[in-house]
Amino acid sequence: FGIQSGDGGFTLDNTSSIVGNVYASGPIVGSSQNYIYGDVVSAGPSGSVSGIHATSSVYAHSIGKSTENTIIDKNAYYYTSKINTTVGGTSYPNSADQATTSMPISDAQISEWETVAANGGTATCVGGIYSISSGAVNLGPIKIPCDLVISNTSVVTLYGHVWVTGNITIQNSAVVKVAPSLGSENVVLIADKNSDRINSSKITVANTASFQNSGTAGSYMTLISQNNSAEKGGSIPAISLSNSASAIITYAAHGLIPLANSISLKEVTAYKITLQNSAKVTYDTGLANVVFDSGPGASWGFVPGEYVITR
């Protein structure tokens with residue numbers, strides 16, 4: 001899916017849009033008919049979809065609400081009700097609820113990647129921070145036992161997975177890229193402080209920081225946050241992105257990812273997601289076969305409609 005959320009669901013405001021199929025275990029709520037260019041699924045008995053314009057079909061326990069118009073270009077599959085909704089295809093009342101599903105990357109898989117990173121060595125922190133502020137730096141696989149800050153005009157090339165036991169900040173004009181020698185393989189940058197996943201384990205990308213693949217088709221960089229504030233009822237963002245951040249996959253299975261302004265991502269998955277202003281998520285068909293070369297059980301892939309774990 002171009003975008004997937006857990007029980008927290010997601011909301012679209014202003015002119016935000018999604019190019020690709022959408023899946024949520026919670027409600028999908030738009031305003032002023034935000035566009036979703038693909039199928040829309042809100043699974044389970046509490047699934048609901050309203051206030052969006054879907055260019056394909058919608059599947060939910062209930063569709064529409066009285067205060068917001070909903071437009072579906074193709075078919076509407078629902079169990080209980082459909083109100084204030086225009087359907088271009090056929091409506092199918094009493095349709096079975098779509099099954100809920102787990103997130104595509106398990107905590108166990110993330111733990112394995114952390115082990116792979118730690119096997120590459122442990123960085124030395126200064127004042128509780130591992131700072132990269134200039135020049136070209138090669139990094140990974142490695143464990144960083146503190147906060148990581150990449151800033152200014154530094155260029156960081158990742159040769160393996162990086163596990164940060166604190167917060168990750170990438171800002172200014174910094175560039176983070178996958179090493180060309182990795183080809184179509186991918187790397188993950190993980191923020192996970194096991195002892196504090198509510199106030200720590202966050203990722204912030206600010207200003208004109210940018211990300212690059214290896215130069216080979218099928219190569220991606222994945223940002224993973226294990227912050228669980230949203231899952232615990234809080235509102236602390238797990239991954240914060242601003243301005244022109246792009247060319248990355250973002251993943252926070254237990255946290256909140258708010259998207260706004262000129263953000264354009266390849267894929268985003270989180271417990272809860274909000275899109276505002278002109279935020280846009282564009283699904284890349286290459287994501288149907290993402291490969292991570294990092295030890296037993298380390299590779300994974302997903303395709304619209306199903307998940308395949310490759311070992």
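This is a predicted model: local features need pLDDT of at least 70, side-chain atom pairs count only at pLDDT 80 or more; totals for chains, interfaces and linings use all residues.
## The parallel sheet

Strands of a sheet are held to one another by backbone hydrogen bonds, in either a parallel or an antiparallel arrangement. In this model, four strands form an open sheet in the order 13-16-19-22, and their pairing is parallel. Strand 13 and strand 22 (210–212) are the edge strands, each pairing on one side only. From one strand to the next, the twist averages 20 degrees.

The pairings can be followed strand by strand. Strand 13 (residues 136–139) pairs with strand 16 (residues 155–158) in the parallel sense, over four bridges. Within this pairing, Leu139 has Leu158 of strand 16 as its bridge partner. Strand 16 is in turn joined to strand 19 (residues 175–178) by four bridges, and these two strands also run parallel. Here Val155 has Val175 of strand 19 as its bridge partner, and Thr157 stands opposite Lys177 in strand 19.

## The disulfide

The structure holds one disulfide. It is formed by Cys125 and Cys146, whose sulfur atoms are 2.1 Å apart. The torsion about the S-S bond of Cys125 and Cys146 is about -90 degrees, and the disulfide is therefore left-handed. Cys125 belongs to the loop between helix 1 (107–119) and strand 12 (129–132), while Cys146 belongs to the loop between strand 14 (142–144) and strand 15 (147–150), so the pair ties together parts that are 21 residues apart in sequence.

Are these cysteines buried or exposed? Cys125 has a relative accessibility of 24% and counts as partly exposed. Cys146, at 7% relative accessibility, counts as buried, because buried means under 20% relative accessible area.

## Tyr35 and its surroundings

Tyr35 is found in strand 4 (residues 28–37). Its relative accessible area is 34%, so Tyr35 is partly exposed. Leaving aside residues up to four places away in sequence, Tyr35 touches Leu12, Ser16, Ser17, Ile18, His53 and Thr55.

## Aromatic pairs

Two values describe a pair of aromatic rings: the distance of the centres and the angle of the planes. A search of the whole structure finds three aromatic pairs. One of them joins Tyr35 and Tyr37, and this pair is stacked, with 5.1 Å from centre to centre and 15 degrees between the planes. Tyr37 is partly exposed, its relative accessible area being 39%.

A further pair is made by Tyr77 and Tyr92. Their ring centres are 4.8 Å apart and their planes lie at 10 degrees, so this pair is stacked. Tyr77 lies in strand 9 (residues 76–82) and Tyr92 in strand 11 (residues 91–92), so that the pair links distant parts of the chain, 15 residues apart. Tyr77 counts as partly exposed at 22% relative accessibility, and Tyr92 is partly exposed with a relative accessible area of 36%. Which residues do ring pairs link into a cluster? The cluster consists of Tyr59, Tyr77 and Tyr92.

Definitions and conventions: Residues are numbered from 1 along each chain as its sequence is written. Side-chain values use heavy atoms; hydrogens and water are left out. Two strands pair if DSSP finds at least two bridges between them. Axes are lines fitted to C-alpha atoms, for helices over the stretch in contact, and angles run from 0 to 180 degrees between N-to-C directions. Buried means under 20% relative accessible area, exposed over 50%, partly exposed in between (1.4 Å probe, protein chains only). Contact means heavy atoms within 4.5 Å. A disulfide is a pair of cysteine sulfur atoms within 2.5 Å. Rings of Phe, Tyr and Trp (its six-membered ring) pair if their centres lie within 6.5 Å; planes under 30 degrees apart count as stacked, over 60 as edge-to-face and the rest as tilted.
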